[in-house]
Amino acid sequence: MRQRWMNRKRGMGMLKGSGWALVMLMMLSVWKMAASSEEEECENRWIHIRKLPSRFNLDLLANCSEYPMLDDLCPYLGNHGLGQKTHNRSRSWYRTDPSMLELVFHRRMLEYPCLTQDPLRANAIYLPYYAGLDAIRYLYGPESNFSALHGLHLFHFLQQDNPQIWARHMAHDHFLVMARPAWDFSQPLSNDPPIWGTSFLELPQFFNLTALTLEARAWPWQEHAVPYPTSFHPLNLGLLESWITRGRRSKRSILALFAGGGGGSSSPNIRRSIRSECENATSDPSYEKLCEIVDCSNGVCEHDPIRFMRPMLQASFCLQPPGDTPTRRSTFDAILAGCIPVFFEDLSAKSQYGWHLPENEFEDFSVFIPKEEVVFRGLRILNVLQRIPRAKVRSLRQRVLALIPNVLYRKHDSSPGLKAKKDAFDLAIDGTLDKIRSRVRELDFVI
């Protein structure tokens with residue numbers, strides 16, 4: 001009897017041991033499946049974040065109130081670069097400054113799902129260098145006569161600290177974000193005395209890396225434009241869908257709207273033509289107003305989205321004339337509002353933001369009116385827009401609304417449902433990886 005009891009106990013022990021072994025095998029199998037799934041999802045998508053001394057990023061934020069010729073930038077550092085909320089109860093709207101894109105991008109990179117600590121495994125190397133902020137001392141400060149030096153301190157660090165990372169693909173696999181137009185980093189090294197801009201993108205040392213800028217030049221292969229950050233940064237899918245629904249249902253009582261400054265000079269230019277036409281617009285039974293101007297002179301709209309978003313929600317078309325440079329943040333504000341953008345030159349968007357606004361689809365979501373026809377040949381903008389059939393206007397607006405996820409930067413730590421929709425950051429990463437993959441492949445072929 002005792003022997004039978006001992007045999008049963010031993011059997012139970014063996015069964016218990018086998019059960020634990022089975023559980024462990026199942027857990028190991030699940031872990032292997034998860035690891036395998038991650039390998040598949042991250043194939044050709046691994047990114048290594050290069051560790052840089054704080055003088056290249058965080059220390060630049062510490063001087064936020066001391067940059068010459070600029071307002072105090074400190075209020076816009078909150079929420080990892082999104083800025084302060086527009087009001088206490090806001091869940092998606094912030095007073096975002098475009099110069100904080102480098103910080104916004106850095107924060108989002110930290111939650112990128114395919115990060116690797118091994119630079120040799122990486123398909124791309126991200127440099128968290130706040131180039132736009134560092135450029136300010138060369139653009140406005142006492143170092144403006146030494147603008148050709150911008151970036152050399154970064155290059156020297158990369159050459160001294162694990163130089164094999166930089167040398168592996170001759171820097172073709174490196175990328176960084178520059179929160180200014182590329183023109184601000186493109187002063188020829190031969191300029192003497194210096195005129196405007198730093199020479200970062202003119203330095204031979206950086207010819208191979210990919211630079212994500214707010215506006216790119218037409219010819220350098222290494223530059224690519226990414227959307228200006230707007231003030232809308234939803235945390236979950238419900239907030240995004242609610243906003244898109246508002247844009248779809250909004251009553252469009254204004255035919256055309258221009259939110260901006262300029263146009264006051266006596267010399268012919270597109271902004272002057274827009275102001276003149278708007279101020280002299282006649283009535284139309286289909287709209288309460290044919291044209292409205294939201295005066296954003298002296299930067300009054302820059303951190304106050306309510307000032308221009310409400311009128312944009314009421315307008316069918318938003319005019320996007322070039323200013324100091326061809327591109328405008330207002331283009332992306334208009335898309336958020338479901339307001340059909342009207343462009344006057346291709347450099348304003350079509351030849352800039354191909355990753356986010358497909359170049360071959362521009363006729364499906366925007367209107368193009370050559371500025372020369374308006375300024376020098378008397379073409380009336382409002383007449384062109386009035387002649388567009390109502391069905392075509394509805395089709396254009398539906399496509400604009402569908403583009404909203406492409407041009408917004410969602411809030412960090414957002415919900416899984418929202419993460420499933422690719423935003424401006426995700427599309428920029430996809431485009432960058434494709435660009436780098438192509439360059440590295442060409443390099444390997446040559447070698």
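**Entry 1: the pocket.** I looked up the largest pocket and found 39 lining residues, among which P98, Y228, G299, E302 and D324 lie nearest its centre. The model is predicted, with pLDDT of at least 70 needed for local features and 80 or more for side-chain atom pairs, while totals for chains, interfaces and linings use all residues. I number residues from 1 along each chain as its sequence is written, and side-chain values use heavy atoms, without hydrogens and water.

I take a pocket as an open set of points on a 1 Å grid over the protein atoms alone, where a 1.4 Å probe fits, with protein on both sides within 12 Å along at least five of seven lines; lining residues have an atom within 4 Å of a point. The space in the largest pocket is about 1,400 Å³, taken as that filled by probe spheres set on the points.

I noted that α4 (131–139), β3 (174–181), β6 (254–260) and α10 (330–336) each give at least two residues to this lining. Helices (H or I, at least four residues) and strands (E, at least two) are DSSP runs numbered from the N terminus.

**Entry 2: the sheet.** I traced an open sheet of 5 strands in the order β1-β2-β3-β4-β5, with parallel pairing; strands pair if DSSP finds at least two bridges between them. β1 (47–49) and β5 (223–225) stand at the edges with a single partner strand each, so one side of each has no neighbour in the sheet.

I then checked β4 (residues 210–215), which pairs with β5 in the parallel sense over 3 bridges. A211 stands opposite E223 in β5.
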